[in-house]
Amino acid sequence: MRRIFSGIQPTGHLHLGNYLGAIRNWVRLQDDFECLFCVVDLHAITVWQDPAELRANTRRIAAAMLAAGVDAGKHIVFVQSQVAAHAQLAWILNCVARLGWLNRMTQFKEKAGKHRENASVGLYAYPNLMAADILAYKATHVPVGEDQKQHLELTRDIAQKFNADYGVALFPLPEPLIFGPATRVMSLRDGKAKMSKSDASDYSRINMTDDADAIRRKIQKATSDPGMLPETPSGLEERPEAANLLGIYAALADETLEQTCGRFAGGMFSSFKRELADLAVARLGPITSEMRRLEADPAHLDAVLADGAGRARTVAEPVLREVFEVVGFLSAGHYRA
Ligand code: TYM
C-alpha cells in the first residue's frame with residue numbers, strides 16, 4: 001500500500017513556494033497514491049491566530065488545494081481539528097519523543113527566536129503533532145518542500161522508537177518526497193532567505209491571491225545582480241537571486257534548470273523578468289480565479305471538508321484503536337474518534 005499524507009498551515013499568505021514546493025507536486029502524485037491532504041489548523045495555533053482570520057485562512061487553503069487540481073472526490077481533503085485522532089495520537093507520541101530530539105529542531109529555534117521562554121509549549125511540541133498527522137494514517141510517503149526534511153526525519157525516529165519500545169511493527173517509516181526544481185523557493189528580496197508566509201515585506205513573495213498587476217510588479221522589483229544570465233546551472237553559484245528566479249521559471253515552465261539556462265543564456269535580467277512575469281501570470285491566473293470562485297461559496301467548501309473529515313476518521317480510527325491496544329489502554333474496542 002502506498003499512501004500519502006501532507007499538510008499546509010492556514011496562517012499568513014499562501015505563496016508561490018507553497019505551490020511549487022508542495023501543492024503542485026501533490027496534484028502530480030494523485031494518480032499513483034491514495035492521498036490525504038490536510039489544512040493543519042492545530043499546528044497554526046502554536047502561534048497566535050485571530051479566530052476570524054484562522055477560519056477564513058482555513059477555507060482559503062482548502063480552496064487553493066482544489067483550485068490547483070487536488071481531486072477531493074477521489075482523495076481526502078480535510079481540516080485537522082475535525083479529526084480527533086491527530087490530537088490523541090500526538091499525546092502518545094509526546095511520551096515517545098525525547099526532549100533532546102526536539103531541542104535539535106531548527107524550525108523551533110527560528111520561530112521562537114530570542115523569546116524562547118515566551119514561546120508556546122505547542123510550538124515546541126509541534127513536530128510530534130506532525131508525526132501524529134502522518135502516522136495516524138500509516139502514510140508511507142510525505143511530499144513536502146525542503147524546509148520540512150528535519151521534521152520528517154524526526155517522524156521516522158518516533159515511529160521507530162514506538163515500534164521498538166512496544167515490540168511491534170505498527171508504523172511504517174514514511175519516506176519524504178522532495179522533488180522538482182523549486183523545493184526551496186527563496187524571497188524575491190533576498191536570495192538567501194526562504195520565501196515565507198510571515199515575511200513583513202509583501203514584495204518578498206508572490207501570493208496565490210495576487211492579481212496579474214501585483215505579480216508583474218513584484219517580479220520587476222525582484223532583487224537580481226548586474227551579470228548576464230549564465231549558460232548552465234554551474235554559472236549560478238554565488239548568485240542566489242539569479243538561481244532563485246531561474247529556478248522559479250524552470251518550475252513554472254515545467255522544464256529543467258539546464259533547459260531554462262540554455263533558453264536565456266547571455267541575456268539580461270530585464271527581458272528575462274518580463275518573460276518570467278508573463279509565465280507566472282499565465283500559470284497562476286487560472287488558479288487564483290478558481291480560488292476566488294470557491295471562496296465565494298463557503299457552504300460548498302465546508303461540505304467538501306466535512307465529507308473529507310468523515311472519510312479521514314474511517315482511516316485513522318482503526319489505527320488509533322491498534323495503538324491504544326498496544327500501549328495498554330482499556331476499552332480500546334469502544335474507542336470513538
Ligand atoms: P507550511 O504550511 O509552512 O508549508 C506548506 C508546504 O509548503 C512548503 N514550503 C515551501 N516549499 C518551497 N519553497 C518555500 N519557500 C516553501 N515554503 C513552504 C513546505 O515545505 C510544506 O510542504 N509543518 C508543515 C505542515 C504540516 C505537515 C504535516 C506537512 C503539518 N503536518 C504532515 C507534511 C506532513 C508546515 O508548516 O508547512
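First, the ground rules. This is a predicted model, with local features needing pLDDT of at least 70, side-chain atom pairs counted only at pLDDT 80 or more, and totals for chains, interfaces and linings using all residues. Residues are numbered from 1 along each chain as its sequence is written, and side-chain values use heavy atoms, leaving out hydrogens and water.

Let's start with the ligand. There are 28 residues around it, and Tyr126, Asp133, Asp147, Val185 and Lys197 come nearest. A residue counts as near if one of its heavy atoms lies within 4 Å of the molecule. What is that shell made of? It has 12 nonpolar, 11 polar and 5 charged residues. On the classes: Ala, Val, Leu, Ile, Met, Phe, Trp, Tyr, Cys and Pro are nonpolar, Asp, Glu, Lys and Arg are charged, and the others, Gly among them, are polar.

Which elements supply at least two residues of the shell each? β1 (3-8), α1 (16-29) and α7 (121-135) do. Helices (H or I, at least four residues) and strands (E, at least two) are DSSP runs, numbered from the N terminus.

Now the polar contacts, meaning pairs of N or O atoms within 3.5 Å. A ligand nitrogen is 3.1 Å from a polar backbone atom of Gly17. A ligand oxygen is 3.1 Å from a side-chain N or O atom of Asn18. At Asp147, a side-chain N or O atom is 2.4 Å from an oxygen of the ligand. How much of the ligand is covered? Alone it exposes 700 Å², and the protein buries 96% of that. Those areas are Shrake-Rupley values with a 1.4 Å probe.

On to the empty space. Rolling a probe the size of a water molecule over the atoms shows where such space is left. The search runs on a 1 Å grid over the protein atoms alone: in a cavity a 1.4 Å probe fits but cannot get out, a pocket is an open set with protein on both sides within 12 Å along at least five of seven lines, and lining residues have an atom within 4 Å of a point. A volume is the space filled by probe spheres set on the points, which are joined across faces, edges and corners.

The ligand takes up the space of the largest pocket. That pocket holds about 1000 Å³. Its lining has 44 residues, with Gln9, Asp147, Gln148, Lys194 and Lys197 closest to the centre. By class, that is 17 nonpolar, 18 polar and 9 charged. β1, α1, α6, α7 and β4 (141-143) each give at least two residues to this lining.

The second largest pocket has about 230 Å³. Its lining includes Asp41, Pro51, Arg55 and Asp302. Here α3 (51-68) and α13 (298-327) give two or more residues. The largest share, 5 residues, comes from α3.

The largest cavity has a volume of about 50 Å³. Among its lining residues are Met105, Phe108, Tyr126 and His151. α6 (106-112) and α7 each give two or more residues to that lining. It divides into 5 nonpolar, 2 polar and 1 charged.

Terms used:
Polar contact = N/O pair within 3.5 Å; in protein donor to acceptor, adjacent residues only side chain to side chain. Sits in = over half its atoms within 2 Å of the grid points.
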